[in-house]
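This briefing goes through selected local features of the model shown below. The points are grouped by topic.

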Amino acid sequence: MKQKLIDFIKYNKIIFFIYNRLGSLLIRFVGLFIPINEKKILFVSFGGRKYDDSPQSIYEKMITMPQFRDYEFVWAFTDTNKEIPGNARMVKIDSLSYFHEALSARYWIINVSAERGLNFKKKGTTCVNTWHGAPLKRIYGEENEKQKEKGKRKPEKFDLVCSQSTYDQEIFARIFQLDKNDVIISDLPRNDCLLRYSDKELDSIRCSLGIPKDKKIILYMPTYREYERDSSNACLFLPPVDFKFWKEKLGDQYVLLFRAHYLVVKSMDIENDEFIKDVSNYPQLSDLYAVSDMLISDYSSAFIDYAILERPELCFAYDYEQYKEKRGFYVELNEILPCDILGDEHELIDAIVNMDYEIGCAKTKKFKQQFAPVAGNATERVINEVLKRYIK
């Protein structure tokens with residue numbers, strides 16, 4: 001019910017305008033009476049859906065550092081029935097308590113937004129937005145279809161944003177209206193762990209997923225199509241594939257992990273078996289990257305994150321022209337990806353069966369050097385930047 005209400009507000013231009021203007025005015029007025037706590041940090045990941053991603057990486061490092069020993073940490077969640085390390089308090093997002101915490105926090109560490117469609121950030125609040133991936137597809141109001149309907153989106157007031165290379169640094173500086181110096185090339189803190197998995201940890205992940213040691217692992221991670229929705233306005237994902245065919249061709253050697261985008265409420269009806277496993281709700285995406293032998297995606301920044309591992313990637317883009325028209329890209333994918341763009345599942349299966357794995361790894365390594373050249377120590381880079389710029 002709550003999600004339906006959020007979607008109703010978000011996708012109705014008049015209702016959203018009223019919500020934004022009146023809600024922002026009210027929260028800013030209340031904020032006049034709430035002082036900022038110089039040693040309070042608010043963390044929000046993907047609108048409070050999970051305890052994960054780069055905010056998690058930064059938090060877990062901060063609670064070990066003497067510089068933050070006397071700081072107050074607050075995490076916002078849709079469901080506060082969670083166990084997290086440290087002594088952070090949890091608050092239910094969108095509640096009155098949440099807005100009080102946001103108004104009183106000196107720092108916000110987020111990966112999407114903290115303002116819930118409003119504009120109430122105080123001048124004394126510093127917002128560190130790690131973001132959640134380099135943009136291959138157009139984002140943040142520059143999407144082809146959305147821009148025709150809404151016009152350009154007014155940027156939120158971020159103070160520091162993470163990027164992975166000069167490629168996304170330039171895009172983020174433009175769309176968030178920031179000086180380039182405020183978009184640091186740090187990589188994403190969530191990716192640090194990709195280079196630190198032990199063989200024992202990888203074996204444990206395999207075991208938890210029920211994958212035999214003699215099988216190679218394919219991770220299929222498509223993005224969402226915001227223009228494909230059901231009657232309740234929820235995103236759908238229905239690719240033209242027959243996983244029985246995939247199993248017939250690949251099942252002897254491979255296991256397929258399928259992970260839907262978090263915005264896809266209704267996806268394919270997948271029945272887990274010895275070949276395919278739906279890992280859409282698996283808590284740590286990095287585990288899935290680390291254990292997989294190759295990645296299949298389409299228009300997702302997953303290509304850049306996964307490239308850190310220097311393993312083969314495949315682009316399965318059955319609706320490339322439609323997506324290009326309705327969403328749009330910042331680059332020509334066939335010019336930058338370390339693989340061909342494959343239009344149907346037969347081409348995809350042939351590419352897997354006939355893959356030269358070492359050549360695939362080499363192509364991905366070259367791609368990584370361009371789009372994720374500094375990966376490996378982002379958490380420390382971001383925290384050091386916060387300490388240097390804002391904490392005296």
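Trp131 sits in the loop between strand 5 and helix 5, where helices (H or I, at least four residues) and strands (E, at least two) are DSSP runs numbered from the N terminus. This is a predicted model, in which local features need pLDDT of at least 70 and side-chain atom pairs count only at pLDDT 80 or more, while totals for chains, interfaces and linings use all residues. Residues are numbered from 1 along each chain as its sequence is written, and side-chain values use heavy atoms, with hydrogens and water left out.

**Backbone with positive phi**

- Most residues other than glycine have a negative phi, and most peptide bonds are trans.
- Trp131 has a phi near 55°, a positive value in a residue other than glycine.
- At 7% relative accessibility, Trp131 counts as buried, because buried means under 20% relative accessible area, exposed over 50% and partly exposed in between (1.4 Å probe, protein chains only).
- Tyr140 also lies in the loop between strand 5 and helix 5, and its phi is likewise positive, near 55°.
- Tyr140 is buried, with 5% relative accessibility.

**Salt bridges**

- Side chains of opposite charge can pair when their charged atoms come close.
- The count is 21 salt bridges, a salt bridge being a side-chain nitrogen of Lys or Arg within 4 Å of a carboxyl oxygen of Asp or Glu.
- One of them joins Asp53 and Arg190, at 2.7 Å from N to O.
- Asp53 belongs to helix 3 (residues 53-62) and Arg190 to the loop between strand 7 (183-185) and helix 7 (199-209), so this pair ties together parts 137 residues apart in sequence.
- Asp53 and Arg190 are both buried.
- Asp159 and Lys121 form another salt bridge, with their closest N and O atoms 3.1 Å apart.
- This pair links distant parts of the chain, 38 residues apart: Asp159 is in the loop between helix 5 (144-150) and strand 6 (160-163), and Lys121 is in the loop between strand 4 and strand 5.
- Asp159 is partly exposed at 23% relative accessible area, whereas Lys121 is buried at 14% relative accessibility.
- In the salt bridge of Lys247 with Glu274, the closest N and O atoms are 2.8 Å apart.
- Lys247 is in helix 8 (residues 243-250) and Glu274 in the loop between strand 11 and strand 12 (276-278), so the pair ties together parts that are 27 residues apart in sequence.
- Lys247 is partly exposed, with a relative accessible area of 29%.

**Aromatic pairs**

- The structure holds 35 aromatic pairs; rings of Phe, Tyr and Trp (its six-membered ring) pair if their centres lie within 6.5 Å, and planes under 30 degrees apart count as stacked, over 60 as edge-to-face and the rest as tilted.
- Among them is the edge-to-face pair of Phe99 and Phe120, at 5.7 Å centre to centre and 70° between the planes.
- Phe99 lies in helix 4 (residues 96-104) and Phe120 in the loop between strand 4 (105-110) and strand 5 (126-129), so the pair ties together parts that are 21 residues apart in sequence.
- Phe99 is buried at 11% relative accessible area, and Phe120 is buried at 2%.
- One aromatic cluster is formed by Phe43, Tyr51, Tyr59, Phe73, Trp75 and Phe77.

**Surface patches**

- Patches are made of residues with over 30% relative accessible area and no salt bridge; like charges are joined within 9 Å, and nonpolar side chains (Val, Leu, Ile, Met, Phe, Trp, Tyr) within 5 Å.
- Accessible areas come from the Shrake-Rupley method with a 1.4 Å probe; for residues, only the protein chains shown count as cover.
- Leu26, Phe29, Val30, Leu32 and Phe33 make a nonpolar surface patch of about 570 Å².
- Within this group, Leu32 is found in the loop between helix 2 (13-31) and strand 1 (37-44) and is exposed, with a relative accessible area of 67%.
- Asp340, Asp344, Glu347 and Asp350 form a negative surface patch; Lys and Arg count as positive and Asp and Glu as negative, while His and the chain ends are not counted.
- The place of a charge is taken as NZ of Lys, CZ of Arg, CG of Asp or CD of Glu.
- Asp344 lies in the loop between strand 15 (341-342) and helix 13 (345-353) and is partly exposed, at 34% relative accessible area.

**Contacts between separated positions**

- Phe46 is in the loop between strand 1 and helix 3 and is buried, with a relative accessible area of 12%.
- Phe46 and Asn111 are 65 residues apart in sequence, and their C-alpha atoms are 6.4 Å apart in space.
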